[in-house]
Structures are given as structure tokens and as C-alpha cells.
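User: Could you help me read this structure? I would like to go through a few residues and then the chain as a whole.

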Amino acid sequence: MKYYALLHGVCGLAEGYSDTTVRWFKTMDDAQHHKGKLLTSLMNLRHEEVESSTDGTQDIITYTDLECEQEILKIIPYEPMFDSQSRREYLIWNQADCEAPLDGEYLPSDMGVVKDLCERLEAIAVAVCVDALHEFIRDLWYGGAAMFDADDLCIYYFKIPKSKEFNNESK
């Protein structure tokens, strides 16, 4: 069964990038409705100029003051493979590039997340700070969601709730 994640965060690595959130919905209508309410509240914030561009499932809000800042609202459809089992699955969000690299089509398990992060790190680094990796693994294990932030890499892994756990709360 297909479900929907509504992601809200700043674009790229601007101030506030570590505050990216996801809310989970059982229907596209519920996700669209909540995105519309959130968009309305964001458009009413006090700035010199506020613009929004959309493609239906993704909105980019641009605030122009002394600097230009952008926020993103994006609905990402996904289909969990292990909804009835205890295995956890994760939605991946690349904060630096403002994209869900696999568009919700591949949802890695715990070990898949570690493998995905290792491959990303291999592509950009010769050495990795063990403390950052330790913090990431701890957050993933105990919190169910984790962000790895080092050098040119900022990746979120959001734990997908099981359908029986849905209450449309932020994760």
C-alpha cells in the first residue's frame, strides 16, 4: 500500500538545515491538505518579499530580505515492503541537494542505511570522524531517525512508521 511523507525544511545547508521534519500520511489528500495549510502559514511570515513555486507535490518558498532564503515542502510517496514485520525501513533525504535520492522507491533497513552512508562517505572522504559516525549509529539505533552531517555531506534517514502507528505526527 502506498503512503506519503511530507518533508519540510530549508533548502540546502542554510541556517536551520538541521531542523528538517517529516510527517506521515495514509492518503495523498491528507498530505496535500496539510501541505496547503503549512504553505499558507509560511507565506504569511513577515519578510520583504515572499514567493512560492510549485509542481503540485513540491513547493519552494523564497524569502527575500537582506539574504535570500528558501524552504521546501515536498510530498514523497513510498511503499513499505515490511509493514507487517518488525524490520525498520527508512526514507532517505539528501539535505545538501534537496532531494530524496531514491524517490521513496527504495527504503533501506537498518543495515541498508549504514551501507548507504558508507558508500556516500567513500565517495567524498578518505577518513571519517569516528565520533560523528558513532553519534549517527546511536541516533539510528535508539531514536529510529538520524542525520549524518560532515563536510560536504548532510543526509537524513527518517524511520518510516508502520501503518498501525500512523497518527500524522512529526517524526
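User: Which strand is E71 in?
Analyst: This is a predicted model. In it, E71 sits in strand β5, which covers residues 68-78.

User: Is E71 buried or exposed?
Analyst: E71 counts as buried, because its relative accessibility is 15% and the cut-off for buried is under 20%.

User: What does E71 touch, apart from residues up to four places away in sequence?
Analyst: With those residues not counted, E71 touches H8, G9, V10, C11, L42, D59, I60, I61 and Y63.

User: I60 is on that list. How far apart are the C-alpha atoms of E71 and I60?
Analyst: They are separated by 5.7 Å, and the two residues are eleven residues apart along the chain.

User: C11 was on the list too. Is C11 buried or exposed?
Analyst: C11 is buried, with a relative accessible area of 16%.

User: Which cysteine sulfur is closest to that of C11?
Analyst: The closest one belongs to C98, and the distance is 4.0 Å. That is too far for a bond, because a disulfide requires the two sulfur atoms to be within 2.5 Å.

User: What is a disulfide, in general?
Analyst: It is a covalent bond that joins the sulfur atoms of two cysteines.

User: How many disulfides are there by this rule?
Analyst: The count is zero. C98 takes part in no disulfide, the nearest cysteine sulfur being that of C11.

User: Where does C98 lie?
Analyst: C98 lies in the loop between β6, residues 90-94, and α2. C98 is also buried, since its relative accessibility is 18%.

User: What is the phi angle of C98?
Analyst: Phi of C98 is near 50°, which is a positive value in a residue other than glycine.

User: Where is A100 found?
Analyst: A100 is found in the loop between β6 and α2. With a relative accessible area of 4%, A100 is buried.

User: Which residues is A100 in contact with, leaving aside neighbours within four places in sequence?
Analyst: A100 is in contact with I76, I92 and W93. As for I137, which is 37 residues apart from A100 along the chain, the C-alpha atoms of the two are separated by 20 Å.

User: Changing topic: which helix holds D110?
Analyst: D110 lies in helix α2, which covers residues 110-124. Leaving aside neighbours within four places in sequence, D110 is in contact with R88, Y90 and L140.

User: How far is the C-alpha atom of D110 from that of L45?
Analyst: The separation is 38 Å, for two residues that are 65 residues apart along the chain.

User: Now the segment after β8. Is S163 buried or exposed?
Analyst: S163, which lies in the segment after β8 (153-159), is buried at a relative accessible area of 18%. Leaving aside neighbours within four places in sequence, S163 is in contact with Y3, K26 and D83.

User: And K164, buried or exposed?
Analyst: K164 is also found in the segment after β8. K164 is exposed, because its relative accessible area is 75% and the cut-off for exposed is over 50%.

User: Let us step back to the whole chain. How many helices and strands are there?
Analyst: The chain has three helices and eight strands. Along the sequence, their order is β-β-α-β-β-β-β-α-α-β-β. The radius of gyration is 16 Å, close to the 16 Å that the globule rule gives for 171 residues, so the chain is as compact as a globular protein of that length.

User: What box do the C-alpha atoms fill?
Analyst: Taken along the principal axes, the box is roughly 45 × 40 × 25 Å.

User: What share of the residues counts as buried?
Analyst: Of the 171 residues, 40% count as buried. The accessible surface of the chain is about 9800 Å², and 49% of that surface belongs to carbon and sulfur atoms.

User: What share of the contacts with a separation of 6 or more comes from residues 24 or more positions apart?
Analyst: Such residues account for 55% of those contacts.

User: Last one: how many positive and negative side chains are there?
Analyst: There are 16 positive and 32 negative side chains, and the centres of the two sets lie 11 Å apart.

Note on methods. Residues numbered from 1 in each chain as written. Predicted model: local features only at pLDDT ≥ 70, side-chain atom pairs only at ≥ 80, totals over all residues. Heavy atoms only, no water. Helix = DSSP H or I, 4+ residues; strand = E, 2+ residues; numbered from the N terminus. Rg over C-alpha atoms; globule rule 2.2 N^0.38 Å. Buried < 20%, exposed > 50% of the residue type's maximum accessible area, 1.4 Å probe, protein only. Contact = heavy atoms within 4.5 Å. Areas by Shrake-Rupley, 256 points an atom, 1.4 Å probe, with all protein chains shown as cover. Lys, Arg positive; Asp, Glu negative; His and termini not counted. Charge placed at Lys NZ, Arg CZ, Asp CG, Glu CD.
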